[in-house]
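Here are my notes for your first look at this model. Please keep the structure open and check each point as you read.

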Amino acid sequence: MDFNLTDAQKELQKKAREFAIKEILPVAASYDEHGKFPIKIIEKAYKAGLVNLAIPKKYGGPGYGLLESVIVVEEIAAACPGFATSIFANNLGAEPIILGGNEEQKERILRKLVKKFTLISFATSEPGMGSDVAGINCRAQKDGEEYILNGTKYWITNAGYAKYISLFATVDPAKKHKGICAFIVPTDLEGVKTGNPIAKLGHRASNTTSVVLKNVRIPKENVLAPPGRGFVLAMQTFAHTRPAIGGFATGLARSAMEYVIDYAKKRETFGRPIANYQAIQFKIADMYKNIEASRLLTYKSAWETDQGLDNTLSAACAKAFASDIAMQVTTEAIQIMGGYGYIKTYPLEKLFRDAKLFQIYEGTSEIQRIIISRFVMKQYKHGMPNLFELPRIEVEREAEVEIPPISLKTSEELGGKYRCTVCGYIYDPVKGDPDSGISPETPFEEIPDDWNCPVCGVSKDKFVKL
């Protein structure tokens, strides 16, 4: 078990961090304020090799694993989560083709994404449906070997600028997951229309729109998954991309923590920096340990994906935990900065707004808990025996030696009992302390001053009379 990044991963991390600080951080607040999509900067990210990370080398891509993608998006999200969402959206849009596309589709679409700056979106959500993929209502009517699509998709990242959309629809809503199919939808097809950008609380630099489909004819070569197979493909896609949300949340939380450390060292109250107060130190310590845990959970889930393992459970753990931590960290960061955290002069209020989305998209935190609880209740293998079948073997007890009282005097008559204020041991003058040479019927006041408690060893003066 090795927790070190490889030299290549460290170099990629450095590259992403430098790009984020130089190209994104200086303009993040302005793009957020105006709700403008940073298409030119995303194109710069493409030219820098920070887009389409998951496309295999066979089709001209860099062939990075999910772990490398997570490393990159953490750095981008630390500068601006909205930029990170739009940059990683190409991974999300391309993943159904990587996982479920045939060779011709991969050669045709994936190579285009690599060869020329091209955006591709991913569409499952609808106006009345989000995490419940089986509840899709967008209709796909089979017409020979082609399909005709009708319906509306909503919350689609980059849709206003994308050339392609990996889109999921159903042949019959009543069939639930068995009716779900998937298609590659060029946005210039007749009948495809994207709506105006959706005004959002956070991630305002990320373009999010509706996609309206009216009698859109999809040719055979763009059918990505037949009915039934589409639902499986969507779930596989989420399992491969969900850990990246943990990376987004970790990056956001990390930058919030770093900003508040800077503030705590400089801000003074009552004559000294607030960083000197234990209350502030504890808040920052909690931030750090939780961010570390978020990153490790995210890395583990990404690593499992790269090893070809089923990461459904670890992805749910990583996304749910990291998303909650991002919300907690930004909340506490604003609390530490007080009024300055609440105003737009500093980036904390933006990060606070951005953090909330991680608990919602690509499966809400509640959905992740459903996934986790199902595993725990049905598949988790206990390390301990069943609660109702616990073995118990009685061991022989050492015989207790009864010390008969020499006289009929009571403890009260001998001066009373005394209790150790450290461990709670009670000295009873009727019994004395034979192990220390104190005979029975010895009042506490007559015990030598150098006597120590037989349990914890403290001096006689630490005893109080009961």
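**Notes on the model**

1. In the second largest pocket, the lining residues divide into seven nonpolar, four polar and five charged. Keep in mind that this is a predicted model.

2. How much space lies in the second largest pocket? The value is about 550 Å³. The lining has 16 residues. Those closest to the pocket centre are Asp 2, Phe 3, Tyr 299, Lys 300 and Trp 303.

3. Now look at the helices around that pocket. Helix H1 (7–34) and helix H7 (278–306) each give at least two residues to the lining of the second largest pocket. The largest share comes from H7, with seven residues.

4. Next, the cysteines. The whole structure has zero disulfides. Take Cys 420: the nearest cysteine sulfur belongs to Cys 456 and is 3.6 Å away. A disulfide needs the two sulfur atoms within 2.5 Å. Cys 420 is in no disulfide.

5. Cys 317 has 24%, so it counts as partly exposed.

6. Turn to the rings. The structure holds 20 aromatic pairs. One of them joins Phe 358 and Tyr 361, with ring centres 6.2 Å apart. Their planes meet at 45 degrees, so this pair is tilted. Phe 358 and Tyr 361 are both buried.

7. Some rings form a cluster. Ring pairs link Tyr 418, Tyr 425, Tyr 427, Phe 444, Trp 451 and Phe 463.

8. Arg 272 lies over the face of Tyr 277. The distance to the ring centre is 4.2 Å.

9. Check the backbone at Phe 270. Its phi is near 55 degrees, a positive value in a residue other than glycine. Where is Phe 270? It lies in the loop between strand E9 (268–269) and strand E10 (272–273). Its relative accessible area is 82%, so Phe 270 is exposed.

10. Glu 441 sits in the loop between strand E12 (426–427) and strand E13 (463–465). Its relative accessibility is 27%, so Glu 441 counts as partly exposed.

Key:
Residues are numbered from 1 along each chain as its sequence is written. This is a predicted model: local features need pLDDT of at least 70, side-chain atom pairs count only at pLDDT 80 or more; totals for chains, interfaces and linings use all residues. Side-chain values use heavy atoms; hydrogens and water are left out. Buried means under 20% relative accessible area, exposed over 50%, partly exposed in between (1.4 Å probe, protein chains only). Rings of Phe, Tyr and Trp (its six-membered ring) pair if their centres lie within 6.5 Å; planes under 30 degrees apart count as stacked, over 60 as edge-to-face and the rest as tilted. A charge sits over a ring if NZ of Lys or CZ of Arg is within 6 Å of the ring centre and within 35 degrees of the ring normal. On a 1 Å grid over the protein atoms alone, a cavity is a set of points where a 1.4 Å probe fits but cannot get out, and a pocket is an open set with protein on both sides within 12 Å along at least five of seven lines; lining residues have an atom within 4 Å of a point. Grid points are joined across faces, edges and corners, and a volume is the space filled by probe spheres set on the points. Helices (H or I, at least four residues) and strands (E, at least two) are DSSP runs, numbered from the N terminus. Ala, Val, Leu, Ile, Met, Phe, Trp, Tyr, Cys and Pro count as nonpolar, Asp, Glu, Lys and Arg as charged, and the others, Gly among them, as polar.
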